[in-house]
Number of protein chains: 4
Amino acid sequence: MAKKKSAAAATEACTERVEVAGHIIDSLILPKILDIITASGGAFKIERITIGQARKDPSYALLEVTAPSEERLQQILAIIADHGAVAVSQADCRLVAADMDGAFPEGFYSSTNQRTEVRLNGEWVEVQLQEMDMGVVVDPAAQTATCRAMTEVKQGDLYVVGHAGTRVHPPERQEQKHGFEFMNSAVSTEKPKGVAIRQVATEMVQTKQRGGKTLLVGGPAIVHTGSDEHVCELIRRGYINSLFAGNALATHDIEQSLFGTSLGVRLDCGDIVEAGHEHHLRAINRVRRWGGIRPAVEKGELKSGIMYECVKHDVPYLLAGSIRDDGPLTDVITDSLDAQRQMREGIRDITFCLMVATTLHSIAVGNLLPAWVKVVCVDINPSTVIKLNDRGSFQTVGLVTDVEPFFRSLLAEIDRLEKATS
Amino acid sequence: MAKKKSAAAATEACTERVEVAGHIIDSLILPKILDIITASGGAFKIERITIGQARKDPSYALLEVTAPSEERLQQILAIIADHGAVAVSQADCRLVAADMDGAFPEGFYSSTNQRTEVRLNGEWVEVQLQEMDMGVVVDPAAQTATCRAMTEVKQGDLYVVGHAGTRVHPPERQEQKHGFEFMNSAVSTEKPKGVAIRQVATEMVQTKQRGGKTLLVGGPAIVHTGSDEHVCELIRRGYINSLFAGNALATHDIEQSLFGTSLGVRLDCGDIVEAGHEHHLRAINRVRRWGGIRPAVEKGELKSGIMYECVKHDVPYLLAGSIRDDGPLTDVITDSLDAQRQMREGIRDITFCLMVATTLHSIAVGNLLPAWVKVVCVDINPSTVIKLNDRGSFQTVGLVTDVEPFFRSLLAEIDRLEKATS
Amino acid sequence: MAKKKSAAAATEACTERVEVAGHIIDSLILPKILDIITASGGAFKIERITIGQARKDPSYALLEVTAPSEERLQQILAIIADHGAVAVSQADCRLVAADMDGAFPEGFYSSTNQRTEVRLNGEWVEVQLQEMDMGVVVDPAAQTATCRAMTEVKQGDLYVVGHAGTRVHPPERQEQKHGFEFMNSAVSTEKPKGVAIRQVATEMVQTKQRGGKTLLVGGPAIVHTGSDEHVCELIRRGYINSLFAGNALATHDIEQSLFGTSLGVRLDCGDIVEAGHEHHLRAINRVRRWGGIRPAVEKGELKSGIMYECVKHDVPYLLAGSIRDDGPLTDVITDSLDAQRQMREGIRDITFCLMVATTLHSIAVGNLLPAWVKVVCVDINPSTVIKLNDRGSFQTVGLVTDVEPFFRSLLAEIDRLEKATS
Amino acid sequence: MAKKKSAAAATEACTERVEVAGHIIDSLILPKILDIITASGGAFKIERITIGQARKDPSYALLEVTAPSEERLQQILAIIADHGAVAVSQADCRLVAADMDGAFPEGFYSSTNQRTEVRLNGEWVEVQLQEMDMGVVVDPAAQTATCRAMTEVKQGDLYVVGHAGTRVHPPERQEQKHGFEFMNSAVSTEKPKGVAIRQVATEMVQTKQRGGKTLLVGGPAIVHTGSDEHVCELIRRGYINSLFAGNALATHDIEQSLFGTSLGVRLDCGDIVEAGHEHHLRAINRVRRWGGIRPAVEKGELKSGIMYECVKHDVPYLLAGSIRDDGPLTDVITDSLDAQRQMREGIRDITFCLMVATTLHSIAVGNLLPAWVKVVCVDINPSTVIKLNDRGSFQTVGLVTDVEPFFRSLLAEIDRLEKATS
């Protein structure tokens with residue numbers, strides 16, 4: 001990133017001109033940038049500002065940023081670059097070869113989950129497989145740039161270092177009246193729930209109509225609360241196109257199919273069955289004896305439930321293991337890096353993601369998804385939603401509600417929408 | 001309560017014989033009593049024990065209780081009396097006249113919410129208006145005993161003092177398979193919810209069929225979550241026969257009727273209306289101008305909502321004030337003692353109580369209800385249910401779920417039951 | 001509020017010129033106003049804009065607001081007036097006489113908790129006793145304006161109606177590095193707690209040094225968790241200058257002084273005392289027999305605890321009643337309107353407010369406080385803090401932590417600060 | 001398990017005599033057994049009963065259990081065997097050879113976490129490596145029995161099948177006044193916290209004095225809340241002898257050592273550092289470059305923090321991976337089965353376990369621990385403790401409090417105890 005020494009060399013102040021364009025006032029981007037500069041000990045002069053007259057017109061600002069030292073200046077530029085402020089005298093991104101397998105070079109550029117471009121040979125190239133907390137590997141011959149995980153680094157690969165020659169496209173604020181309007185106060189429990197559920201239903205119906213794909217990330221409370229049949233129905237009708245879960249969801253789903261219980265509680269009447277706590281272990285053991293879930297279905301042993309419907313309707317499922325698993329089922333991927341790799345593959349064509357009653361899997365998938373995939377996170381415990389937002393999955397809409405009545409109402413709303421459009 | 005000095009006078013140990021009868025082993029009463037005796041520094045000898053052979057046969061035990069001092073002995077007897085252990089040489093209850101208005105005599109007997117009898121002139125008399133944390137006032141002429149609040153004490157009234165001549169009938173454990181089977185782990189969020197809601201529906205349908213009365217104790221989240229119309233439907237169909245609430249529920253119900261919003265949030269689409277936070281205040285102000293809720297309905301100004309339906313269907317409502325109220329509405333009882341008095345009147349013929357989304361009113365009503373009135377407490381926040389149980393309302397079944405989907409599912413289950421029985 | 005018909009009368013569009021000044025860009029005020037205009041169906045032209053070069057320089061903008069109808073225009077003006085946008089051709093505020101006792105005239109101006117001025121005879125006059133959700137009564141002779149509650153309205157009083165001639169001063173964003181820096185993500189539980197507690201300690205020490213007054217609003221969990229002695233120490237050392245609470249805090253405080261228990265739990269060892277659940281009732285009864293808390297202290301009956309220290313150190317206390325109270329104590333104000341009146345008096349000279357473990361009293365006091373009184377709300381349950389913010393007490397800093405360790409650490413930090421400054 | 005046909009063969013009722021001994025009344029074991037029999041459709045006759053006169057004397061009961069069918073009888077016997085009821089005419093346990101690797105034979109005996117014995121050649125042999133949800137593999141030659149996980153099964157190994165020849169020793173109720181008295185209402189937030197923390201301190205001091213070992217199972221909130229230094233102090237002073245955690249705790253601990261932040265929040269002042277969200281990723285990358293945590297310490301790169309102290313004081317640490325991990329650190333065990341195996345090794349000599357602010361790791365470790373290892377689970381969110389109890393870790397004492405003030409108070413109490421005993 002080029003810089004320009006201040007004319008007044010005596011003061012040793014360092015200066016750089018940056019520009020920022022777009023809905024920078026309406027979207028609160030410019031104030032944020034000005035704020036960062038002064039809060040970080042720098043100063044700015046607005047050299048030029050053009051504010052769009054109509055709401056739709058973009059604005060533009062040219063700023064002179066001054067800092068007491070070169071180091072401080074670079075820090076400021078690095079930060080405001082994430083908000084779209086580009087140094088006028090742009091350089092290409094800097095590349096450094098990895099000196100070992102499995103770790104980035106020091107100073108590596110750490111990605112966000114938003115659309116990003118890097119400048120290669122004077123041209124801005126869009127980064128592929130956008131994902132947060134990755135490095136960006138560059139193939140200069142092919143003129144491509146791609147996000148890559150730390151564990152996948154091979155010695156000699158070229159990685160972007162520093163913020164020079166990088167720019168991200170922060171999402172401009174959505175127009176009100178469109179999309180998820182309940183997005184703002186995501187975690188409040190005291191909102192009209194029928195409206196929120198109707199919006200989720202609309203999203204899922206539109207996703208299906210547009211040929212998009214909906215991913216369900218689910219926890220075992222789906223089965224415990226008696227929502228199994230609702231999810232089966234969504235799978236059969238093509239509203240869930242992929243399932244990510246853990247050993248627990250699949251195990252209790254199979255337990256209820258084989259024994260009629262979930263964690264030993266009868267799902268038809270709520271009674272606790274004596275010795276029923278062993279059911280889930282016996283279910284796992286049987287699946288292991290049958291050779292896995294798909295063989296169990298093919299042998300006619302497993303005849304109902306979420307996993308059965310996945311097999312029957314060719315809905316891919318991915319079961320990621322954890323250290324609290326009993327068993328686990330034959331199908332569970334016990335290595336977390338393997339699981340992450342397969343999840344990355346699995347989310348490539350997802351356009352809508354519904355996360356229900358699982359903190360672990362929701363955060364794991366939230367880490368992988370680019371910012372433009374809409375996510376709705378449903379949990380009766382507000383802390384799950386708070387945690388997800390704290391960890392940077394800002395596109396997530398939280399819905400604090402109860403799982404079974406949620407799915408029941410969701411299906412009713414989908415029915416209503418299908419009738420309305422047919 | 002008679003006592004018997006131990007033969008070994010030298011040791012100064014004091015002794016009393018008590019008996020206990022009923023399902024004392026099956027219901028865990030005997031072990032509890034033995035436990036209390038030894039934990040309180042006493043000792044026991046089981047002089048006689050008859051254990052029922054069949055599950056239905058009652059058992060009987062005669063114990064000799066020994067304590068190191070007379071004072072300790074009386075303490076122990078006082079405690080185990082609450083578990084049904086009766087001193088064999090029974091005395092009448094002791095009566096002391098109140099020496100001032102508004103306070104009990106020292107040592108007053110403090111009531112529980114379970115069926116209680118006191119011995120007057122050798123006869124056991126059932127206490128009227130059973131309620132926890134009351135004194136028991138006795139009219140010797142009429143041979144009656146009645147629970148009475150501290151604030152209602154008049155100088156000269158006779159109050160029971162000590163545990164002598166009192167006995168309570170602890171509820172024997174309910175048979176499994178009957179009543180609310182989900183009662184046991186009340187606060188878990190991970191239970192089959194459809195089953196629990198079906199049981200509430202069954203209870204409400206049976207209450208109506210038997211000519212019982214259902215009381216709804218509700219908070220404003222009923223309106224905020226968009227459940228207003230569900231509750232209106234329950235009132236119209238005769239499933240809610242009385243309503244206890246605060247200023248907030250009535251205010252936001254009327255706000256949604258007049259403005260279509262609740263706390264400024266549009267209930268049809270979830271949008272936040274600018275300046276909508278003033279709506280509830282304007283609603284209160286209008287009701288005050290109209291002279292109250294009933295006049296507002298009669299003048300044709302208030303045309304829908306929970307309060308409207310209460311007026312139209314002669315469902316009595318009681319609005320109790322609190323220090324966080326705006327306004328309040330003309331109908332709100334602002335004095336807490338007045339409110340408690342009117343609530344006491346209002347719960348006399350209630351046979352089933354549904355508490356939804358209000359900690360304050362749920363605890364207040366829970367304090368007033370005798371133990372034999374079934375209570376279901378619905379809240380998305382487990383802490384409300386935990387608090388209710390911590391304060392002694394043990395008959396309460398907690399259901400941790402979301403308000404709007406709860407009412408929606410409840411109505412669907414009631415529909416199903418009505419069809420099944422018609 | 002004056003308006004100016006657009007030149008193009010054919011289009012029927014209505015226009016008004018408004019100005020806004022201050023840190024309108026840095027504080028995000030201008031973008032918000034532009035946003036409201038377009039989101040409400042209006043349009044704007046920026047006629048003039050001056051952006052301060054340095055961070056400290058104020059900016060100024062003159063906007064022409066256009067709306068499709070006069071009605072719409074007035075709506076927009078009303079909303080943006082709350083953000084400091086003032087119509088250039090200002091009118092005086094409109095006054096309407098109350099036509100009845102106990103209710104405002106229709107269309108009354110509803111106050112916020114921020115500094116507000118109304119224009120009387122061409123002059124801007126500051127509103128007295130600023131409080132949210134009030135009307136503004138004007139005395140034209142004295143040229144004064146004052147917030148007044150709905151229930152206090154007297155027929156014939158003059159109230160401000162509409163937004164014309166009113167302006168509020170929204171708080172400009174605080175500089176980072178000053179005041180409560182943990183303010184931003186108030187409800188997260190995963191923040192460095194030592195820092196937050198140190199800041200509360202600093203605030204309390206400074207309040208004392210400056211001659212300000214700290215109000216404690218507290219719930220009974222203060223006693224249940226064993227924090228009684230910590231609070232006593234704060235009172236003795238002059239760090240708590242006023243106490244607002246309910247019957248429960250005072251009752252359990254007195255219970256622990258008389259019996260060593262809180263709700264029947266021994267505070268020295270955590271044991272549950274059999275029959276200890278009666279202790280609080282016996283404590284209330286005794287206080288009623290003694291004639292109140294002050295007489296109990298003066299008679300030498302009550303010798304320790306929070307209430308004792310309040311009496312001994314002339315710290316005024318206010319106990320507001322609620323419908324869930326047992327007893328209550330002689331000192332409790334049972335009428336909620338009386339309680340609100342006395343609370344209003346009590347908060348007049350408060351400069352810092354610490355709310356601990358009570359939702360009801362925290363919201364009640366939050367409703368009364370003007371926006372410039374700093375509030376810290378401590379609760380282990382995040383939902384209390386969320387509720388407080390949802391109801392408009394935006395100056396509140398939430399601290400999700402446990403009561404007893406909070407007070408213990410707070411005292412340690414105050415000790416440290418006292419030593420550092422002595 | 002031998003059985004005895006009822007004399008009245010016509011009725012086809014099946015009968016078995018069982019005996020049960022110990023504190024069966026005091027510990028509520030007998031009532032539970034009787035309850036199970038009748039609730040399961042069986043009947044009982046108490047043939048003999050001896051109730052201990054003193055609290056310490058054991059009782060004994062001989063029951064004749066009757067059921068309508070042989071199948072039902074076996075079901076009943078299987079259930080009551082878990083409560084210590086032993087068929088008088090005992091058989092050896094039944095053994096079946098595993099027919100494949102990685103799965104138990106059908107009908108396998110599923111272990112609890114309580115002391116268990118199996119009968120081999122007429123002798124009762126204690127099961128080794130007791131752990132819940134395992135099979136029991138028997139070596140008839142060595143006359144030994146051992147818990148083994150499903151995934152570790154080798155074809156041909158002999159596994160116990162059914163309940164015959166097995167007996168468990170349920171924990172008798174602890175005397176009040178000893179051990180953790182706050183155990184009863186584990187999840188309430190309204191208890192005297194100082195007492196509870198003092199008891200944890202006492203447990204840790206006694207564990208150290210007796211030469212026991214304390215295991216800390218911790219989540220990253222330990223670092224986020226600023227408790228790092230407290231934990232370091234506990235390690236240095238020998239109060240933490242083993243650490244189980246995940247990638248997050250170690251990462252943020254190292255982040256705070258290298259950058260002074262945790263998740264980008266400065267721990268000294270609570271400020272959010274711009275671009276600080278990248279710190280944890282840069283920390284992981286550096287550790288990977290250094291070759292792991294131990295090399296980082298040995299090279300002098302890592303100079304403080306929990307992980308540093310573990311290395312310096314030879315406290316073994318185990319970092320188990322999960323699918324939400326960034327990086328992860330070189331030391332993290334990414335395969336969940338490997339991690340479980342190493343955790344099993346690691347808990348063998350643990351006598352006290354402190355779980356802080358991690359649901360995943362707490363449940364995982366709770367699954368592995370035998371019932372006689374005391375566990376205290378500290379979390380600000382009550383749901384973690386509820387979940388742990390729901391999953392069968394009944395020896396767990398839950399403490400709902402805030403992490404940083406907890407550790408601060410814990411250290412103060414340990415100091416106090418050390419002084420008292422020195």
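Predicted model: local features only at pLDDT ≥ 70, side-chain atom pairs only at ≥ 80, totals over all residues.
**Entry 1: chains A and D**

I began with the contact between chain A and chain D, where I count 4 salt bridges (a side-chain nitrogen of Lys or Arg within 4 Å of a carboxyl oxygen of Asp or Glu). One of them joins Arg289(D) to Asp99(A), with 2.5 Å between the closest N and O atoms.

Residues are numbered from 1 along each chain as its sequence is written, chains are lettered from A and ligands numbered from 1 in the order in which they are written, and side-chain values use heavy atoms, with hydrogens and water left out.

I then looked up polar contacts and found 22 residue pairs between chain A and chain D, both residues at pLDDT 80 or more. A polar contact is a pair of N or O atoms within 3.5 Å; within protein, one must be able to donate a hydrogen and the other to accept it, and residues adjacent in sequence count only if both atoms are side-chain atoms.

On the side of chain A that touches chain D, helix 1 (29–39), helix 7 (279–290), helix 10 (336–346) and helix 11 (359–368) each supply at least two residues. Helices (H or I, at least four residues) and strands (E, at least two) are DSSP runs, numbered from the N terminus. Helix 7 of chain A gives the largest share, 8 residues.

I see 53 residues of chain A in contact with 53 residues of chain D (heavy atoms within 4.5 Å). Together they bury about 5000 Å², 51% of it from carbon and sulfur atoms; this is accessible area (1.4 Å probe) that two parts lose on being put together, summed over both. Arg289(A), Ile323(A) and Arg324(A) supply 16% of what chain A buries here, more than any other three residues.

**Entry 2: chains A and B**

Next I turned to chain B. Here 31 residues of chain A contact 31 residues of chain B, and about 2600 Å² is buried between the two chains, 52% of it on carbon and sulfur atoms. I find 4 salt bridges across this interface, including Asp402(A) with Lys193(B) at 2.9 Å between the closest N and O atoms. The rule also gives 7 residue pairs in polar contact, both at pLDDT 80 or more.

**Entry 3: the sheet in chain A**

I traced an open sheet of 6 strands in chain A, ordered 17-14-13-18-19-20, with parallel pairing. Two strands pair if DSSP finds at least two bridges between them. Strand 17 (317–320) and strand 20 (396–400) of chain A are the edges, each pairing on one side only.

Inside the sheet, strand 13 (residues 214–218) and strand 14 (residues 242–246) of chain A pair over 3 bridges, and I noted Leu215(A) opposite Ser242(A).

**Entry 4: a hairpin in chain C**

Which sense do strand 9 and strand 10 of chain C pair in, parallel or antiparallel? I found them antiparallel, over 5 bridges, with Val138(C) and Ala145(C) as bridge partners. The two strands form a hairpin with 4 residues between them, and Gln143(C) in the turn has a positive phi of about 55°. Strand 8 (residues 123–128) of chain C pairs with strand 10 in the parallel sense, over 2 bridges; there Gln128(C) stands opposite Thr146(C).

**Entry 5: Asp157(D)**

Last, I looked up Asp157(D), which lies in the loop between strand 10 (144–148) and strand 11 (158–161) of chain D. Among the residues that Asp157(D) touches are Val96(D), Val137(D) and Arg148(D).

How values were computed
Lists of a residue's contacts leave out its neighbours within four places in sequence.
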